[in-house]
Amino acid sequence: MASSFDDASKGNLFVGNLSWNVDEEWLAREFEGHGEIKSTRIVTDRETGRSRGFGYVEFVNPSDGVKAHKALKETMIDGRTINLDFAGAKKDKPAAGGNQERSNKYGDQLNEPSSTIFCANLAFGATEDDVSNAFSEHAPVTAVRIPTDMNTGQPKGFAYVQFSTTEEATTAFEGMTGASINGRTIRIDYASQKPQNGGGGRGGGRGGGGGGRGRGGFDRGGRGGGGRGRGGSDRGGRGGGRGGSTNRGGFGDFKGKKMTF
């Protein structure tokens with residue numbers, strides 16, 4: 001696919017599908033014959049320190065990056081064919097596909113941008129490294145998680161890709177919209193932030209339950225909802241108070257929290 005970005009960016013190359021044996025010195029030796037190298041970097045796992053299978057080579061002169069890209073694309077390092085591209089390049093996408101096609105069909109709304117991307121329609125054979133390598137072409141990935149079925153251990157077909165900042169996630173989102181991983185077009189969205197439940201809300205629910213189950217009848221249930229009655233816990237009592245009960249008598253509080261099954 002064609003790449004569209006400023007010429008200055010062509011001096012920085014993304015090198016994927018690297019053997020774990022390849023370190024920064026080795027990587028530099030592979031590219032130094034094509035121009036003066038400004039820096040090389042192998043991305044490593046934060047916990048183990050082991051290579052994650054990709055890195056970056058930056059040339060002093062962008063024109064040397066272009067030459068190296070042309071000369072070394074699809075060549076092998078340590079027995080593996082490397083995935084070589086210009087770092088940060090935004091690949092052209094089909095006019096309608098991936099997220100856009102689904103949005104047009106179902107009227108989906110994207111979540112607010114966050115530092116984590118939800119990746120759906122993922123090939124079941126795709127690994128966390130496959131996902132990381134694909135997204136890392138656009139921004140540095142800090143973590144990838146592919147949830148699995150508790151019973152079978154098989155992947156569920158989606159993943160979460162985490163970045164250091166929302167800005168980096170947005171860059172990767174733009175670059176990966178309509179893209180494919182392991183031959184399958186993915187659908188992506190920003191992972192929504194989990195709402196923070198206040199203590200009063202949880203307490204209110206428990207207080208109501210205490211009132212319904214109290215052996216002493218509605219009177220004890222009412223006191224449980226409003227304070228420290230035997231029908232509810234101390235936390236439940238506080239939650240009940242915050243819930244805005246207007247009648248602290250037994251029947252009033254019970255009717256206000258009645259649940260129909």
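Modeller: Helices (H or I, at least four residues) and strands (E, at least two) are DSSP runs, numbered from the N terminus. This is a predicted model, in which local features need pLDDT of at least 70 and side-chain atom pairs count only at pLDDT 80 or more, while totals for chains, interfaces and linings use all residues. Residues are numbered from 1 along each chain as its sequence is written, and side-chain values use heavy atoms, with hydrogens and water left out.

Biologist: How many helices and strands does the secondary structure of the protein come to, and what share of the residues is buried?

Modeller: Buried means under 20% relative accessible area, exposed over 50%, and partly exposed in between (1.4 Å probe, protein chains only). The secondary structure comes to 9 helices and 14 strands, and of the 261 residues in the protein the buried ones make up 37%.

Biologist: Which residues of helix α1 are buried?

Modeller: Helix α1 spans residues 24–31, and its buried residues are L27, A28 and F31. Seen down the axis of α1, with directions taken from the axis to the C-beta atoms, these residues fall within an arc of 100°, so they line one face of the helix. Taking contact as heavy atoms within 4.5 Å, the elements they pack against are β2 (12–16), β3 (37–44), β4 (51–59), α2 (62–72), β5 (76–77) and β7 (83–86). The names asked for are therefore L27, A28 and F31.

Biologist: Is S132 buried or exposed, and which residues does S132 touch?

Modeller: S132 is found in helix α4, residues 128–136. At 2% relative accessibility, S132 counts as buried. Not counting residues up to four places away in sequence, S132 touches R52, F54, V141 and V144.

Biologist: How far apart in space are F86 and E137, C-alpha to C-alpha?

Modeller: F86 has its place in strand β7, and at 10% relative accessibility F86 counts as buried. Although F86 and E137 are 51 residues apart in sequence, their C-alpha to C-alpha separation is 8.1 Å.

Biologist: How do the residues of the lining of the second largest pocket divide into nonpolar, polar and charged?

Modeller: Ala, Val, Leu, Ile, Met, Phe, Trp, Tyr, Cys and Pro count as nonpolar, Asp, Glu, Lys and Arg as charged, and the others, Gly among them, as polar. By that division, the lining of the second largest pocket holds 8 nonpolar, 5 polar and 8 charged residues.
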